[in-house]
Amino acid sequence: MGATFLRPVDSGDLPEYPEELTDPHLTNDFFTMWWHDRWLQSKLHRNATLEVQGAALNLFFLSRKQVPVGSLPSEGRELAHLLRIDVAYWERLNREPVGPLHKWERYAYREEIVLGHPVVIEVALNALQKRDERKASNEAKAVYQRQQRLADDMRKLKCDERICQDRRLIERLDAWLLENHHGQRRWPQFETSLARALDHAYRSGWMTTGGRSP
């Protein structure tokens, strides 16, 4: 790309691209949130030609498949290759008053220079946050369901119902079993491990009834 479009800069003067977006696995996302109102009100949509708008939109979506996520190569030939157009066509688009790289800026990424757009970075970070929230929610749900099954297994061993409903005790037993029971919690193999866990709980003072109904 000619200096007409992006002025060369020393990478030491550039902001670092967000480290959170450097995980290659993030490129597996197949959905991108799109704020259509922001797009329709943007200078790019209002003032750029349809050709430029089309190229810009494709670059937005192509950037989600790059590493780091949401970035673009800084070289014009690579950008033209991504868009599957020749370099001359790419350069002509960039000579428009509002070009396809409107508001894209240079960032330092390790030993390279990449392009980043504030809105694209914002969307990518938002998607990462949502993914982490879903993962945490799913993990919490899995723990809750595992502990519910543990209480049911304790009922199979005729444990006192008060013990089966003791959340603190269930959490302690679950943690002990995670460390000391290998494999899935399937009967009859799990019965032995659960009996050992209950015995450990009683000897450790986690309960006072011995874990069994009278």
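Predicted model: local features only at pLDDT ≥ 70, side-chain atom pairs only at ≥ 80, totals over all residues.
Colleague: How far apart are the end C-alpha atoms of H9, and what span should its residues give?
Modeller: Helix H9 runs over residues 189–203 and has 15 residues, so at 1.5 Å a residue it should span 21 Å.

Colleague: How wide is the arc that the buried residues of H9 cover around the axis?
Modeller: The buried residues of H9 are Phe190, Ser193, Leu194, Ala197, Leu198 and Ala201. Their directions put them on the same side of H9, because the arc that they cover around the axis is only 140 degrees.

Colleague: Which residues are exposed on the other side of H9, and which helices are among what covers its buried residues?
Modeller: On the other side of H9, the exposed residues are Thr192 and Arg203. The cover over the buried residues of H9 includes two helices, H6 (118–156) and H8 (167–180).

Colleague: Within what arc do the buried residues of H8 fall?
Modeller: H8 has 14 residues and reaches 20 Å from its first C-alpha to its last, close to the 20 Å expected at 1.5 Å a residue. Its buried residues are Leu169, Ile170, Leu173, Asp174, Trp176 and Leu177. Seen down the axis of H8, these residues line one face of the helix, because they fall within an arc of 165 degrees.

Colleague: What covers the buried residues of H8?
Modeller: On the other side of H8, Leu178 and Glu179 are exposed. The buried residues of H8, in contrast, have cover that includes H6, helix H7 (161–164) and H9.

Colleague: Which residue forms a salt bridge with Glu122, and how far apart in sequence are the parts that the pair ties together?
Modeller: Glu122 forms a salt bridge with Arg38, and the closest N and O atoms are 3.2 Å apart. Since Glu122 lies in helix H6 and Arg38 in helix H1 (residues 36–41), the pair ties together parts whose separation in sequence is 84 residues.

Colleague: Are Glu122 and Arg38 buried, partly exposed or exposed?
Modeller: The relative accessibility of Glu122 is 36%, and the relative accessible area of Arg38 is 38%. Buried would require under 20% and exposed over 50%. Glu122 therefore counts as partly exposed, and Arg38 is likewise partly exposed.

Colleague: With which residues does Arg155 form salt bridges?
Modeller: One partner is Asp152, with the closest N and O atoms 2.9 Å apart; because Arg155 and Asp152 are three residues apart in helix H6, about one helical turn separates them. Arg155 also meets Glu161 in a salt bridge, at 2.8 Å from N to O.

Colleague: What is the relative accessibility of Lys103 and of Lys158?
Modeller: Lys103 has a positive phi near 70 degrees and lies in the loop between helix H5 (87–94) and strand S2 (105–109). Lys158, in the loop between H6 and H7, has a positive phi near 65 degrees. Both count as exposed, with a relative accessibility of 54% for Lys103 and 59% for Lys158.

Colleague: What is the radius of gyration of the protein, and what does the globule rule give?
Modeller: The secondary structure comes to nine helices and three strands. The protein is more spread out than a compact globule, because for 214 residues the globule rule gives 17 Å, and its radius of gyration is well over that, at 28 Å.

Key:
Residues numbered from 1 in each chain as written. Heavy atoms only, no water. Helix = DSSP H or I, 4+ residues; strand = E, 2+ residues; numbered from the N terminus. Expected span 1.5 Å × (residues − 1). Buried < 20%, exposed > 50% of the residue type's maximum accessible area, 1.4 Å probe, protein only. Arc of directions from axis to C-beta. Contact = heavy atoms within 4.5 Å. Salt bridge = Lys/Arg side-chain N within 4 Å of Asp/Glu carboxyl O. Rg over C-alpha atoms; globule rule 2.2 N^0.38 Å.
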